[in-house]
Amino acid sequence: MKNRLKVLRAEHDWTQADLAGRLDVTRQTVNAIEKGKYDPSLPLAFKIAGVFQMPIEQIFLPEDGA
């Protein structure tokens, strides 16, 4: 699954550690999500959406772009 996490994080001028702290996960988890190596659980995806105050579908996109 593609995501806009890195771009959104940069727009807020947050480090991976800053975002990890807001989500109560490790920096490594944020890094893995950004690189597409890990798809977050649904509860974590909702938490990410809440932090950025955006709908999930504006952050996470299917690989085929549909």
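Tutor: A nonpolar core is a set of buried Ala, Val, Leu, Ile, Met, Phe, Trp, Tyr and Cys residues joined through side-chain atoms within 4.5 Å. Buried means under 20% relative accessible area, exposed over 50%, and partly exposed in between, with a 1.4 Å probe and protein chains only. Here the largest nonpolar core has 17 residues, of which Leu5, Leu19, Ile33, Ile48, Phe52, Ile59 and Phe60 touch the most other members. Two or more residues each are given to this core by α1 (5–11), α2 (16–23), α3 (27–34) and α4 (42–52). The largest share, five residues, comes from α4. Helices (H or I, at least four residues) and strands (E, at least two) are DSSP runs, numbered from the N terminus.

Tutor: This is a predicted model, in which local features need pLDDT of at least 70 and side-chain atom pairs count only at pLDDT 80 or more, while totals for chains, interfaces and linings use all residues. Residues are numbered from 1 along each chain as its sequence is written, and side-chain values use heavy atoms, with hydrogens and water left out.

Student: Which residues are in contact with Leu5, leaving aside its neighbours within four places in sequence?

Tutor: Contact means heavy atoms within 4.5 Å. With those neighbours left aside, Leu5 is in contact with Leu19, Ile33, Glu34, Ile48 and Phe52.

Student: Is Gln16 buried or exposed?

Tutor: Gln16, in helix α2, is buried because its relative accessible area is 14%. Its side chain forms a polar contact of 3.1 Å with that of Arg27. A polar contact is a pair of N or O atoms within 3.5 Å; within protein, one must be able to donate a hydrogen and the other to accept it, and residues adjacent in sequence count only if both atoms are side-chain atoms. Beyond neighbours within four places in sequence, Gln16 is in contact with Arg9, Arg27, Val30, Asn31 and Glu34.

Student: How many aromatic pairs are there?

Tutor: Rings of Phe, Tyr and Trp (its six-membered ring) pair if their centres lie within 6.5 Å; planes under 30 degrees apart count as stacked, over 60 as edge-to-face and the rest as tilted. By this rule there is one aromatic pair. The ring centres of Trp14 and Phe52 are 5.5 Å apart and the planes stand at 35°, so the pair is tilted. Trp14 lies in the loop between α1 and α2 and Phe52 in helix α4, 38 residues apart. Both residues are buried.
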